[in-house]
Amino acid sequence: MKRAGAGDAAVDVIVVGGGASGLSAAIEAAAAGARTLVLEKNAMPGGSSRLSVGSINAAGSSLQKRAGIVDTPDEHFEDMDRFTGAFSSRENLALRRLLVDNAAETLEWLMSLGLCFYGPTADPPHRHPRMHNVVPNSRAYPYCLGREARRRGVEIRLGARVDELLRAPDGGVRGVSALIDGERVQFQARRGVVLAAGDYSNGSEMKQRFRPELAGIPGVNPTATGDGHRMAEAFGAQLVNGEVVYGPGLRFVEPARPSLVRRLPPSWWLGQLMQLSLNHLPIRWFRPFVMAFMTASLGPEAAMLRAGAVLVNAEGRRFTDELAQPGLAIAQQPRGLAWLVFDSRVAQMFSAPPHHVSTAPGVAFAYLPDYLRHRKDLYHRAENLDALGAGMGMPAGALRQAIQAHNAQLAGEPSSKAAAAGRGAVTEGPFYALGPLESRIVITDGALAVNTSHQVLATGGAVIPRLYAAGSVGQGGALLAGNGHHIVWAVTSGRRAGRFAAQAPQRA
Ligand SMILES: Cc1cc2nc3c(=O)[nH]c(=O)nc-3n(C[C@H](O)[C@H](O)[C@H](O)COP(=O)(O)OP(=O)(O)OC[C@H]3O[C@@H](n4cnc5c(N)ncnc54)[C@H](O)[C@@H]3O)c2cc1C
C-alpha cells in the first residue's frame, strides 16, 4: 500500500473493522471476486462480537425443525414488537423485515463455516423457542469467520486504526486513511468501503450528545468508541436513533482469570461435542460448567433489590434508592463500585427456585450458593455487619450505620415505594454481600442511516457513493432490543453489504 500522498495502489473493497459484521462482509466480498482488505484497529479481531454471550434468535432454522418447532419469520417480526418500548415509532421496519427473513439462513451459513449452536431455547416473550446459543463460546465468531476470510484470500491488517474517509471527485468515497504503527497510511478502494466499526457504548462524545446522563458510564467493550459513526458523519452521513442505548446494567466485576468456558478453544470438535451433549443429556450434568460462565458474565436480577438487598459503596455508605436507576448512581461512587448487602431472609430466598440471582434466559439460573462455589471473590458472609464491612475493607462501623439508617427509614415510611414493593429491613444475621458490582453500557443502537442495500445515506437522504455500513454502525434505525438480535444483524448485514460493495461499478 502507498503512503500518504502517494497514488492509487488499490483493492476493490475495504472493510473497516474485524468483528462479526466486518469479517462476514469481507468473506462475501471476496467470494464475489473482489480483492478485499480488512483494517482492524485492535491487536486481535472480534470486537464486541468476541465479548458477547453469542446467542442468535432466528425463526425457521434447521435446529428448530429438528426439535419439531414450527416457526416463521412473520411471527418473529411480530414478536420483536414486544421489545421495542419507548422508541418503537422510530423503527426502520424494512430493516427488521430483512433481518427476520434472513436470520435462519444466516445461522445455517455460520454453521457451514464451523460454528456450533445449542438449542433452540425459550426466550420469552418470543412465542417459540428460537434462541440458538453458540458453543463453546463467542470467540468462535472471529475464529471461524477470520479463518474463512483468510481462506478466501482476504488480507486482515491488525493494529490499523482508520480515522478518515477519503473523498473522490464525485463526492463519494475513494478510500480511507489509517494510523498503523504510528504512521499514516492511505488505502484506496475501487468499488466500496464497508464501515463495520461497531457501536459507541464506550464513546463518551456520542453518549454526551445523545444521552448526556450516560456519558460517564463506561462500555463493556472499551474499544467500542463509535469511530465509524464519527467518520461517516464528518463525511456528511446521517445518524439515526442516537438515544437508543442499552444500560446502564449492573455487572459483577470480571474474575481475575477468565471463566473456564471463555478459556475453551473455539474449535469445531469441541463445539460439536458440547452441542450434542447439551441437546441430549440432562442440563444438570452441565451445571458446574454453565455456572462458571454465568457467574462470570452476568449481573444480579433487579428482583434482589426489590426483595430488600441494599446497595453500598466502598465506604460502606448507602448512596441511592435501589428501586430507581441504581446504575447511574453506581458510576458516581468511588472507583465506580458497589456491593449488594442483604440478610439471611433474602439469602435463603435467593438460594433456590423460583428466586435466582442471575439468569441466562432459557439456559440456566444461578443461585446464591453458585456464587459461593464459582465466585468466592464476590461472595461475602459474616455473623454481623461490622465483620461483613471489615471483610470488604470498609471503614469500621460504616456498614452497620448505613444499614441501621436504612432500616429506620423503612420503619418510618410504611407507605413508601420500597415498602409497597415488599422490601424488608436488613435485620436477620448472618449477613451477606455480593460484589463488587459495576455499571456498564452494553450496546448502543444509534447508527448511520442506510437503505436496504446497506448504502449509507447523507443528511439529505441521497446515497453516498461507494459507502456501505453493516453491523452496529449500519443498523439504520433497526431496533434490536431483546436477546440474540444484534449478532444475527451483524452477520446478515455484513454479508449483504460485502456483496453489494463487491458488485458495485468500479470508481472511474
Ligand atoms: C457483553 C455483551 C454481550 C452480548 N451478547 C449478545 C448476544 O448474546 N447476542 C447478540 O445478538 N448480541 C449480543 N451482544 C451485542 C453484539 O455482540 C454486538 O452488537 C455485535 O457483535 C456487533 O458486531 P459488529 O461487527 O457490528 O461490531 P464489533 O463486533 O464490535 O466489531 C467492530 C470492530 O471494528 C473495530 N474498529 C472500531 N473502530 C475502528 C477503526 N477506527 N479502525 C479499524 N477498526 C475499528 C473494532 O476494534 C472491532 O473489532 C452483546 C454485547 C456485549 C457487550
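Close-up 1. Glu183 is partly exposed, with a relative accessible area of 39%, where buried means under 20% relative accessible area, exposed over 50% and partly exposed in between, with a 1.4 Å probe and protein chains only. The model is a predicted one, in which local features need pLDDT of at least 70 and side-chain atom pairs count only at pLDDT 80 or more, while totals for chains, interfaces and linings use all residues. Residues are numbered from 1 along each chain as its sequence is written, and side-chain values use heavy atoms, with hydrogens and water left out. Glu183 lies in strand S9, which spans residues 183–195; strands (E, at least two residues) and helices (H or I, at least four residues) are DSSP runs numbered from the N terminus. Between the C-alpha atoms of Glu183 and Ala160 the distance in space is 9.7 Å, although 23 residues separate the two in sequence.

Close-up 2. S7 and S8 pair in the antiparallel sense over 7 bridges, a pairing being assigned if DSSP finds at least two bridges between two strands. Within this pairing, Val162 stands opposite Ala178 in S8. The hairpin of S7 and S8 has 5 residues between the strands, and Gly171 takes a positive phi near 90° there. Gly171 counts as partly exposed, at 26% relative accessibility, whereas S8 is mostly covered, with 6 of its 8 residues buried. S8 also pairs with S9 in the antiparallel sense, over 6 bridges, and Ala178 has Val185 as its bridge partner in S9. The hairpin of S8 and S9 has 2 residues between the strands, and Asp181 in the turn has a positive phi of about 50°.

Close-up 3. Strand S22 (residues 463–469) is mostly covered, since 5 of its 7 residues are buried. S9 and S22 run parallel and are joined by 3 bridges, with Ala469 in S22 as the bridge partner of Leu195. Strand S21 (residues 455–457), by contrast, pairs with S22 in the antiparallel sense over 2 bridges, and here Leu457 has Val463 as its bridge partner in S22. S21 and S22 form a hairpin with 5 residues between them, in whose turn Gly461 has a positive phi of about 100°.

**Close-up 4. The open sheet of S3, S5 and S4, with Cys116.** Three strands make up this open sheet, in the order S3-S5-S4 and with antiparallel pairing. Strand S3 (55–57) and strand S4 (116–121) stand at the edges with a single partner strand each, so one side of each is left without a neighbour in the sheet. S4 pairs with strand S5 (residues 131–135) in the antiparallel sense over 4 bridges, and Cys116 stands opposite Val135 in S5. Cys116 is buried, with a relative accessible area of 1%, and Cys144 likewise counts as buried at 1% relative accessibility. A search of the whole structure finds 0 disulfides, a disulfide being a pair of cysteine sulfur atoms within 2.5 Å. The sulfur of Cys144 is 7.5 Å from the closest cysteine sulfur, in Cys116, and this is too far for a bond.

**Close-up 5. Thr225 in the loop between helices H7 and H8.** Thr225 is found in the loop between helix H7 (204–210) and helix H8 (227–234), and Thr225 is partly exposed there, with a relative accessible area of 30%. If residues up to four places away in sequence are not counted, Thr225 touches Lys41, Asp199, Tyr200, Asn202 and Gly203, contact meaning heavy atoms within 4.5 Å. Thr225 and Gly198 are 27 residues apart in sequence, and their C-alpha atoms are 8.0 Å apart in space.

**Close-up 6. The boundary between domain 1 and domain 2.** The chain is divided into domain 1 (9–51 + 138–246 + 443–503) and domain 2 (249–440), with bounds that come from an automatic or database domain assignment. Taken over C-alpha atoms, the centres of domain 1 and domain 2 are separated by 36 Å, and the contact takes 13 residues from domain 1 and 13 residues from domain 2. About 1000 Å² is buried between domain 1 and domain 2, and carbon and sulfur atoms give 58% of this area; buried area is the accessible area (1.4 Å probe) that two parts lose on being put together, summed over both. In domain 1, Arg139, Ile217 and Val220 lose the most area to domain 2, together 48% of what that side buries.
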